[in-house]
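Open the model in a viewer and keep the sequence panel beside it. The stops below go from the whole chain to single residues.

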Amino acid sequence: MRDETRVMSTDAGKRVRAVGFRAYGGPEVLAVVSLEPEPLGADDVRIQVAASTVNPTDVVRRAGQRATGGRPETVDVPGMEVAGLVTEVGARVTSVGVGDRVMAIVAPAGEHGGHRADVVVPAVSVVRSPSNLSDVEAATIPMNGLTALHALDAMNLSAGDVVAVTGAAGAVGGYVVQLAKHAGLRVVADAAENDRELVASLGADVILPRGPGFAAAVRERFPHGVDGLADAAIQNAEVLDAVRDGGTVTTFRRYTGDGTSRIRVVPISVLEVAERTDLLERLREHAEAGVITARVNEVFPPEEVAKAHRLLEAGGLRGRLVLGWS
């Protein structure tokens, strides 16, 4: 029998509010739905979600861009990162406990996704929230933070090396800039004119105009090319020439390069590190130390999720869109 001290919730049979869709399409297919609670395994954690973020990958999922069938088999719940309160832990879980404020990354599948008021995730994907952040702020850390860490680790750069970052004013790019500076790298970043102050505040050493001329501008400053590049702006082939022979480009939408072997191109998937508790702990420590900063644009109730999706699709946002569940 489960030790009762490991369970806070007394509503085990209560249905759960969630945001999902039953057909692929535009933001109008999203709705608040009522679902059964998820079962808890011995290595799992149940979280009463206070906040979950809206990400481009949610838009891709909702639009069916990676679907293999004509419509979801059941209600499809998106959402890949959450923050909230632990209400129950599995018998083998010791890393967090009931009552802890936590943040987590979620690998969505069917009815399992971050846009639920109550979600169950593997304990390896959960860490305590940074003590200096609210739940809304903490929810913005796991997915893009892990993506940025994964990208930098894949480049295998050393202190003093030069890394370029496209999309530096965005969520992933901004974290790459901050984490790269913390690692002792020299950072060359892109920015539109109205984003230069923001990108400078993140720590970029050299700021160049954003757009298709970025690679050429990098070569003007660094004739031999930079050592690595994180392509958060998804420019793909346009930016490969910015990198020196033997250098590395990390990409974020499955781009694998132009077929040549001059440089190494590494597609980055956050799901590859979704169970890396050590990386999540690094993010918590970095947030508490001010190495990385949470940027929130707006918080919506779940009933207004379609509005959040429309804003995200319109582009140009600075800061994250968050659903507030409490």
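This is a predicted model: local features need pLDDT of at least 70, side-chain atom pairs count only at pLDDT 80 or more; totals for chains, interfaces and linings use all residues.

Residues are numbered from 1 along each chain as its sequence is written, and side-chain values use heavy atoms, with hydrogens and water left out.

**The whole chain**

Start with everything selected, in cartoon view. The protein has 8 helices and 15 strands; helices (H or I, at least four residues) and strands (E, at least two) are DSSP runs, numbered from the N terminus. Its radius of gyration is 20 Å, close to the 20 Å from the globule rule for 326 residues, so the protein is as compact as a globular protein of that length. That radius is taken over C-alpha atoms, and the rule is 2.2 Å times the number of residues to the power 0.38. The C-alpha trace spans about 65 × 40 × 35 Å along its principal axes.

Of the 326 residues, 52% count as buried. Contact means heavy atoms within 4.5 Å. Among contacts with a separation of 6 or more, 68% are between residues 24 or more positions apart.

**The nonpolar cores**

Next, select Leu146, Val177, Val187, Val199, Leu283 and Ile292, which touch the most other members of the largest nonpolar core, a set of 51 residues. Such a core consists of buried Ala, Val, Leu, Ile, Met, Phe, Trp, Tyr and Cys residues joined through side-chain atoms within 4.5 Å. Elements that give two or more residues to this core include strand S5 (101-105), helix H3 (142-155), helix H4 (171-182) and helix H7 (277-289). H3 gives the most, with 8 residues. A second, separate core has 27 residues, including Ile47, Ala104, Val119 and Trp325.

Now centre on Ile292. Leaving out residues up to four places away in sequence, Ile292 touches Ile141, Tyr175, Gln178, Leu179, Leu283, His286 and Ala287.

**Two buried loop residues**

Move to Ile141, in the loop between H2 and H3. Is Ile141 buried or exposed? Its relative accessibility is 0%, so Ile141 counts as buried. Beyond its neighbours within four places in sequence, Ile141 is in contact with Glu81, Met103, Leu133, Leu146, Tyr175, Leu283, Ile292 and Ala294.

Then select Ser125, in the loop between strand S6 (118-122) and strand S7 (126-128). Ser125 counts as buried because its relative accessibility is 3%. Not counting residues up to four places away in sequence, Ser125 touches Met103, Ala104, Ile105, Ala274, Glu275 and Leu280.

**Two positive phi angles**

Finish with the backbone. Asn156 lies in the loop between H3 and S8. Its phi is near 55 degrees, a positive value in a residue other than glycine. At 62% relative accessibility, Asn156 counts as exposed.

Ile234 is not a glycine, yet has a positive phi of about 60 degrees. Its relative accessibility is 29%, so Ile234 counts as partly exposed.

Note on methods. Buried means under 20% relative accessible area, exposed over 50%, partly exposed in between (1.4 Å probe, protein chains only).
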